Amino acid sequence: IALIIATIALNACDLAPRVVTDFSPQTVFDPTEKIEPKTFSSEAEFIQFAKKYKTSGFRGGFGFPEVAVMESFSEDAAMKSTAVPQEASRDFSETNVQVAGIDEADIIKTDGNYIYTTSGKTLFIIKAYPGENAEIVHQIKFKNRPTGLFINNNHLAVFGNFDSPSIMRKIGILPQQGMTFFNIYNIEDKTNIQLKKEYRFEGSYFQARMIDDHIYFITTSNLKSSILKPTPIILEETTASSIPINDIIYFPIPYQNPQLANIHAININDPEQDLNSKSVAVEGSQNMYMSEDNIFITYTKFINEWELQQEITRDTIEPKLSTEELALIQKIKKADPDVVSDAEKKQKIQQVIELYIQAQDQEAQENLRDQIELKLKNKLEEFEYFEYTIIHKIAVDKENIQVKSTGKVPGQIINQFSLDEKDNILRIATTINQRWSRFDGDASESTNN
């Protein structure tokens, strides 16, 4: 009776709903598993996902963000020029792009008569034609340095990373990982341009593309386990909102350095049109390629031999443990993720396993290690490749954004120019790196595919 009463009392102390979703039961990436997009059923489930990976070692950013000016002057890429005649007697060159008809952000743009460019924290509008009458006609000074811009008809978009805690405090928002500003101006009167829309997006700028009137602006943000606005914040003028939980997509894979890629569809010529946003949980250090209909986000997943050995060791030793040791492991697994991260739990469980092995005599230890080595060798022989490029296909049509499908291919890509889509066929060039096998005492050849 006393035990029953104590149990009821303990349960009464914890009335908050619990989520017990296991997002990825496997600890090592399995290339045979199908990777299908999933959505979160609630903010509580998303917070649990964030807690699972909250101390996985990354410190923000999107791996190696491609700053617009670096994209525009890449000399090793087979880029096409989209020269568009403004008048019959005069041609001018637009930004070099990978896919004709899909504009890429840059720090300098021209419409044939005016040049729009940034230097430091200032945007300059320069009358450029005719050359003898060239002059600066307008300047805009920003609190932060612009990263890139787009022009379309009588509208100009300027954006960059935003760092102004005092402004955020006045509005009553303190984002955990910085903001990105995105401003749209009416430039019909070049000497008196008008600010039409002002956005602030939580996260760091990654890439941006423009098709016709729509800009697809992508930021990245780390996972937050806070119950106060856990999903990425969007600030429109002074009105704060966040990406709805059912617009955040994740995949059933064992993440290592998860981040959110936040895709915002913005109509540059109709700034009052409602913003549409989607977030996709991806690994760090991504690449992005965009065709006329789709955004492709890619990253590399590895079959980690050390992690595989740890997993085999746990599976081999756990059945041999005492009741007390198994109880300790269960206690570690059930520990509050706010206190002990998933990675720390694995480390503590591994310590229990290693202590058991060390407690055996030398012959028993050698037998156990031989069993583990043999199981690892057999497991590794099941894999044809040990590195894969994961490809997420995100369909875009004006303001509509939809995560369509996911695939994988052996090897790694170099950058966005390793991908190209034509007639609904995606071509991708990968490299499978040389790999040393300690069992065979030999190295495989590196191949391009």
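## Contacts along the chain

Residues 24 or more positions apart account for 62% of the contacts in the protein with a separation of 6 or more. Contact here means heavy atoms within 4.5 Å. This is a predicted model, in which local features need pLDDT of at least 70, side-chain atom pairs count only at pLDDT 80 or more, and totals for chains, interfaces and linings use all residues. Residues are numbered from 1 along each chain as its sequence is written, and side-chain values use heavy atoms, with hydrogens and water left out.

The protein has 449 residues, and 45% of them count as buried. Buried means under 20% relative accessible area, exposed over 50%, and partly exposed in between, with a 1.4 Å probe and protein chains only. The secondary structure comes to 8 helices and 29 strands. Both are DSSP runs numbered from the N terminus: helices are H or I with at least four residues, strands are E with at least two.

## Nonpolar cores

The largest nonpolar core has 70 residues. A nonpolar core is a set of buried Ala, Val, Leu, Ile, Met, Phe, Trp, Tyr and Cys residues joined through side-chain atoms within 4.5 Å. F150, F182, F217 and I295 have the most contacts inside the largest core. Leaving aside residues up to four places away in sequence, F217 touches F159, T180, F182, F201, Y205, Q207, A208, N262, I263, H264 and I266.

Another core lies apart from the largest one. This other core has 18 residues, among them Y116, L123, I151 and M179. In soluble globular proteins, nonpolar side chains tend to be buried together.

An open sheet is formed by 4 strands in the order 5-6-7-8, with antiparallel pairing. Two strands pair if DSSP finds at least two bridges between them. Strand 5 (108-110) and strand 8 (135-141) stand at the edges. Each has a single partner strand, so one side of each is left without a neighbour in the sheet. The twist averages 15 degrees from one strand to the next.

Inside this sheet, strand 6 (residues 114-119) runs antiparallel to strand 7 (residues 122-127), and 6 bridges join them. I115 stands opposite I126 in strand 7.

## Strand 19 and its partners

Strand 19 (residues 276-283) is mostly covered, with 7 of its 8 residues buried. Strand 17 (residues 248-250) pairs with strand 19 in the parallel sense over 2 bridges. I248 has S279 of strand 19 as its bridge partner.

Strand 18 (residues 258-267) pairs with strand 19 in the antiparallel sense, over 8 bridges. Here K278 in strand 19 is the bridge partner of I263. I263 is also one of the residues that F217 touches.

Strand 22 (residues 387-397) and strand 23 run antiparallel and are joined by 10 bridges. I391 has G407 in strand 23 as its bridge partner.

Helix 6 (residues 323-333) and helix 7 (residues 342-358) pack at an angle of about 170 degrees, their axes 9 Å apart. That makes helix 6 roughly antiparallel to helix 7. Axes are lines fitted to C-alpha atoms, for helices over the stretch in contact, and angles run from 0 to 180 degrees between N-to-C directions. Angles under 35 degrees count as roughly parallel, over 145 as roughly antiparallel, 65 to 115 as roughly perpendicular and the rest as oblique. E325, L328, I329, I332 and K333 of helix 6 meet K345, K348, I349, V352 and Y356 of helix 7. This contact has 6 nonpolar, no polar and 4 charged residues. Ala, Val, Leu, Ile, Met, Phe, Trp, Tyr, Cys and Pro count as nonpolar, Asp, Glu, Lys and Arg as charged, and the others, Gly among them, as polar.

The axes of helix 7 and helix 8 (residues 362-380) come within 9 Å and cross at roughly 135 degrees. Helix 7 is therefore oblique to helix 8. E354, Y356, I357 and Q358 in helix 7 meet Q365, L368 and R369 in helix 8. The residues of this contact divide into 3 nonpolar, 2 polar and 2 charged.

## An exposed loop residue

N424 is found in the loop between strand 24 (419-422) and strand 25 (425-428). At 67% relative accessibility, N424 counts as exposed. The C-alpha atoms of N424 and D293 are separated by 9.1 Å, with the two residues 131 apart along the chain.
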